[in-house]
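Have the sequence and the model open side by side for this one.

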Amino acid sequence: MIEFAAFKPTIPDKFDLPVIRKSEVNKRAAWSKADHKILMALRAMHVPYKDCGILLNRTAESCSMFLHNTGALVEVNQLRKQLIDNIMSV
């Protein structure tokens, strides 16, 4: 009968590995009413979320989630219709 020894890897103490820490993410404060209005106006003009994020110094995902979580998409669509009506009434 053949006996197998279990492989036990060891790391020598001379390899002092640095502790890996998560980098701190710059978290912005809550959305201000001014930023909210700007975002809604930009989205009413079909500005992509990526560009909205650049203009508001936020991420595209943050802009998207803010509108979806607050239910502001209905307001964006109403604002879009108003812009179209203003253009067509000229």
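## Cysteines

A disulfide here means a pair of cysteine sulfur atoms within 2.5 Å. By that test, a search of the whole structure turns up zero disulfides. Cys 52 is in none, and its nearest cysteine sulfur, that of Cys 63, sits 5.7 Å away. That gap is too far for a bond.

Are these two cysteines buried or exposed? Cys 52 is buried, with a relative accessible area of 0%, and Cys 63 also counts as buried at 0% relative accessibility. The labels work like this: buried is under 20% relative accessible area, exposed is over 50%, and partly exposed is in between, using a 1.4 Å probe and protein chains only.

## Ground rules

This is a predicted model, so local features need pLDDT of at least 70 and side-chain atom pairs count only at pLDDT 80 or more, while totals for chains, interfaces and linings use all residues. Residues are numbered from 1 along each chain as its sequence is written, and side-chain values use heavy atoms, with hydrogens and water left out.

## The nonpolar core

A nonpolar core is a set of buried Ala, Val, Leu, Ile, Met, Phe, Trp, Tyr and Cys residues joined through side-chain atoms within 4.5 Å. The largest one has 13 residues, and Trp 31, Leu 39, Cys 52 and Leu 67 have the most contacts inside it. Helix H1 (33-44), helix H2 (49-56) and helix H3 (60-70) each supply at least two of its residues, with H1 giving the most, four. Helices are DSSP runs of H or I, at least four residues, numbered from the N terminus.

Trp 31 is worth a click. Not counting residues up to four places away in sequence, Trp 31 touches His 36, Leu 39, Leu 56, Arg 58, Ser 62, Cys 63 and Phe 66; contact means heavy atoms within 4.5 Å.

Which residues of H2 are buried? They are Cys 52, Gly 53 and Leu 56. Looking down the axis of H2, these fall within an arc of 100 degrees, so they line one face of the helix. The arc is taken from the directions from the helix axis to the C-beta atoms. H1 and H3 are among the elements that cover the buried residues of H2.

On the other side of H2, Lys 50, Ile 54 and Leu 55 are exposed. Just after H2, Asn 57 takes a positive phi of about 60 degrees.

## Charges

How many salt bridges does a search of the whole structure find? One, where a salt bridge is a side-chain nitrogen of Lys or Arg within 4 Å of a carboxyl oxygen of Asp or Glu. The side chains of Arg 58 and Asp 35 meet at 3.7 Å, N to O. The pair links distant parts of the chain: Arg 58 is in the loop between H2 and H3, and Asp 35 is in helix H1, 23 residues apart. Both Arg 58 and Asp 35 are buried.

Now try Arg 80, in helix H4 (residues 73-88). Arg 80 is buried yet has no salt bridge, and the nearest side chain of opposite charge, Asp 85, is 12 Å away. For that count, Lys and Arg are positive and Asp and Glu negative, with His and the chain ends not counted. Leaving aside neighbours within four places in sequence, Arg 80 is in contact with Arg 43, Ala 44 and His 46.
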